[in-house]
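Subject: Structure handover and findings

Hi,

Here is the structure for you to look through. My notes follow below it.

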Amino acid sequence: MRTDASVRELKGVGPKAAELFAKKDIYTIGDLLRFYPSRYDYFEDPAEVSQAEAGCFCTLKLRIIGSAVTFRKGSRTITSMEAADRTGKVRLTFFNMPYVRQTLRPGGTFVFRGTLRQSGTGNRSMEQPWFSDISCYEKLRGTLQPGYPVIKGIGQDRMRKLIEAALEAAEEGAQDGLPAQARERYGLMERHAALRAIHFPGSRDQLQQAKKRLIFDEFFAFILGVRRQKAA
């Protein structure tokens with residue numbers, strides 16, 4: 001599929017999503033692929049509670065040890081429960097997510113990511129942590145996952161899936177405008193490989209190589225534009 005094809009050609013992009021994308025000047029598959037991540041989340045090995053530093057973002061593997069309690073406070077529904085590993089306990093609190101008690105059942109073990117807080121009495125807690133079951137987290141462990149500028153109405157998980165679909169759609173028939181000789185001379189990766197790596201890097205080094213290629217392309221296009229203006 002050509003990169004100048006409408007973003008509507010992607011499965012999962014209906015009129016509403018296309019309208020939301022248009023607010024960010026995303027109209028084509030190429031526009032979507034140039035909507036680069038603003039950050040990357042590294043999914044590290046879970047730490048033990050006793051090793052995690054209070055006030056810092058961390059990843060913990062915890063077993064739910066008590067039934068969830070849900071109550072209302074003002075306009076918010078608050079659900080909390082206790083979880084632990086062999087080194088300590090953490091109270092987990094979720095806001096306006098009463099359905100989590102159906103997933104986070106006593107005895108279940110999950111991976112939680114968030115800021116660990118500690119009270120003056122030594123009690124530790126996490127508010128609104130991201131969580132995953134063990135098997136799903138194993139697939140993410142050790143990877144860099146992209147985080148995109150906010151588009152209201154399109155969450156991060158959905159955005160990643162649409163970017164993946166755009167990469168697959170653009171891969172067939174993808175051509176690199178830079179000859180292989182020039183790529184070798186300047187130590188540059190192929191453009192489509194760079195687009196994939198900027199969104200889903202296999203390593204930090206691969207991410208840097210992708211940035212190098214895409215920055216080169218931007219400067220190259222700028223220089224060509226200036227020369228065309230002078231020639232005109």
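Tyrosine 36 sits in the loop between α2 (29-33) and β1 (39-42). Helices (H or I, at least four residues) and strands (E, at least two) are DSSP runs, numbered from the N terminus. Tyrosine 36 has 25% relative accessibility, so it counts as partly exposed. On that scale, buried means under 20% relative accessible area, exposed means over 50%, and partly exposed lies in between (1.4 Å probe, protein chains only). Leaving out residues up to four places away in sequence, tyrosine 36 touches Tyr148, Pro149, Leu195, Ile198, His199, Leu214 and Glu218. Contact here means heavy atoms within 4.5 Å. Tyrosine 36 and arginine 213 are 177 residues apart in sequence, and their C-alpha atoms are 14 Å apart in space.

Some ground rules. This is a predicted model, in which local features need pLDDT of at least 70 and side-chain atom pairs count only at pLDDT 80 or more, while totals for chains, interfaces and linings use all residues. Residues are numbered from 1 along each chain as its sequence is written, and side-chain values use heavy atoms, with hydrogens and water left out.

Next, the helix packing. Helix α7 (residues 191-199) and helix α8 (residues 204-231) have axes that come within 8 Å and cross at roughly 125°. Axes are lines fitted to C-alpha atoms, for helices over the stretch in contact, and angles run from 0 to 180 degrees between N-to-C directions. α7 and α8 are therefore oblique to each other. The cut-offs: under 35 degrees is roughly parallel, over 145 roughly antiparallel, 65 to 115 roughly perpendicular, and the rest oblique.

Which residues in α7 meet α8? They are Arg191, Ala194, Leu195, Ala197 and Ile198. Their partners in α8 are Gln206, Leu207, Ala210, Lys211, Arg213, Leu214 and Asp217. By class, this contact of α7 with α8 has 7 nonpolar, 1 polar and 4 charged residues. Nonpolar covers Ala, Val, Leu, Ile, Met, Phe, Trp, Tyr, Cys and Pro; charged covers Asp, Glu, Lys and Arg; the others, Gly among them, are polar.

α7 also packs with helix α5 (residues 156-171), at an angle of about 170° and with the axes 11 Å apart. That makes α5 roughly antiparallel to α7. From α5, the contact uses Ile163, Glu164, Leu167, Glu168, Ala170 and Glu171. From α7, it uses His192, Leu195, Arg196 and His199. The class count for α5 with α7 is 4 nonpolar, 2 polar and 4 charged residues.

Alanine 174 is in the loop between α5 and α6. Its C-alpha atom is separated by 7.0 Å from that of histidine 192, 18 residues apart along the chain.

Last, the rings. The whole structure holds 9 aromatic pairs. Rings of Phe, Tyr and Trp (its six-membered ring) pair if their centres lie within 6.5 Å; planes under 30 degrees apart are stacked, over 60 edge-to-face, and the rest tilted. Tyrosine 186 and phenylalanine 216 form a tilted pair, 5.4 Å centre to centre with 40° between the planes. Tyrosine 186 is in helix α6 (residues 180-186) and phenylalanine 216 in helix α8, 30 residues apart. Phenylalanine 216 and phenylalanine 220 have ring centres 6.0 Å apart and planes at 20°, so this pair is stacked. Both lie in helix α8, 4 residues apart, about one turn of the helix. Elsewhere, ring pairs link Phe94, Phe110, Phe112 and Phe131 into a cluster.

Best wishes
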